[in-house]
Amino acid sequence: MTAPTAPPVSLGSADDPLPGSPELLRSVFRRHAAGVAVITAETGGRPAGFTATSLNSVSADPPLLSFTIGTGASSWPAVRDSEYLGVHILGEHQRELAGLFARSGADRFGAQTQWSPGPHGVPLLGGVLAWMVCRVVARVPAGAHRVVIAEAVAGDPAGEGRPLLYHQGRFNALRD
C-alpha cells in the first residue's frame with residue numbers, strides 16, 4: 001500500500017519570483033484578510049485616532065496586544081505621547097467610520113462620530129463590537145513604523161454584529 005500523495009502545489013511564477021520589496025509585501029498582504037480596528041488616544045486635550053489592520057493578540061497573561069503605526073502618520077504624536085490608548089473592533093456596519101479614520105486630513109472626531117471620554121481620558125467610539133483601554137508598555141522601532149505593545153486595563157466585548165474585514169484594499173463583510 002502506498003501513501004497518498006499531496007496534490008501539486010501551484011507556486012505561481014516560481015521560476016521568476018518577485019524580489020523582496022515593498023511591492024511584494026503589499027501584493028501578498030492584499031490577499032490576507034484582516035480585522036479592522038480604530039486606535040484612539042488623547043493628548044493635549046485633543047482626541048486622535050486611526051484605522052489599523054495590524055492589531056494582534058500577543059499574550060493572555062498578562063493581557064497584551066500589538067499594532068503598528070507609521071511615524072509619519074498624523075496620529076503618531078498622540079500615540080507616541082499617550083500612556084493609555086483605546087482599541088475598538090469595528091463591525092461590518094462601520095465601513096464609513098473605518099474610512100473616516102483611514103483618511104488623511106479628515107475631521108475624525110467631528111459631529112458624525114459618536115464618541116465620549118472613557119477611562120484615563122481615552123476617546124471611546126460608540127457602536128463598536130468591542131473596545132479596550134490599554135496602557136502602553138513598549139514602542140518598538142520597525143523601519144518607518146513603531147510596533148506598539150499595550151496591556152488591556154478595561155474594556156467591553158458586548159457589542160452586537162459581525163466584524164468588518166479588510167481584504168484586497170477594501171473594507172468587506174464576513175461571509176458564511
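## A pair to start with

Which residue is the bridge partner of R135 in β10? The partner is E151. The two strands involved are β9 (residues 130-142) and β10 (residues 145-156), which run antiparallel and are joined by 11 bridges.

Before going on, a word on what you are looking at. This is a predicted model, where local features need pLDDT of at least 70 and side-chain atom pairs count only at pLDDT 80 or more, while totals for chains, interfaces and linings use all residues. Residues are numbered from 1 along each chain as its sequence is written, and side-chain values use heavy atoms, leaving out hydrogens and water.

## The chain as a whole

The chain holds 3 helices and 12 strands; these are DSSP runs numbered from the N terminus, with H or I and at least four residues for helices, and E and at least two for strands. Its C-alpha atoms fill a box of roughly 70 × 35 × 35 Å along the principal axes.

Of the 176 residues, 32% are buried (under 20% relative accessible area, with a 1.4 Å probe and protein chains only). Take the contacts (heavy atoms within 4.5 Å) between residues at least 6 apart in sequence: 61% of them join residues at least 24 apart.

## The seven-stranded sheet

Strands of a sheet pair through backbone hydrogen bonds, either parallel or antiparallel. Here, 7 strands form an open sheet with antiparallel pairing, in the order β3-β2-β6-β9-β10-β5-β4 (two strands pair if DSSP finds at least two bridges between them). Because β3 (46-52) and β4 (56-59) stand at the edges with a single partner strand each, one side of each is left without a neighbour in the sheet. On average, neighbouring strands are turned by 35° against each other, direction ignored.

Helix α3 (residues 95-102) lies across β2 (37-43) and β3, running at about 110° to β3. Such angles run from 0 to 180 degrees between N-to-C directions, using lines fitted to C-alpha atoms, for helices over the stretch in contact.

## The three-stranded sheet

Another open sheet has 3 antiparallel strands in the order β1-β11-β12. Its edge strands, β1 (34-35) and β12, each pair on one side only. Helix α3 packs on this sheet too, touching β11 and β12, and its direction makes about 160° with that of β12.

Look closely at β11 (residues 164-167) and β12 (residues 170-173): 4 bridges join these antiparallel strands. L164 stands opposite A173, and L165 stands opposite N172. The hairpin has 2 residues between the strands, and Q168 takes a positive phi near 55°.

Methods: Buried < 20%, exposed > 50% of the residue type's maximum accessible area, 1.4 Å probe, protein only.
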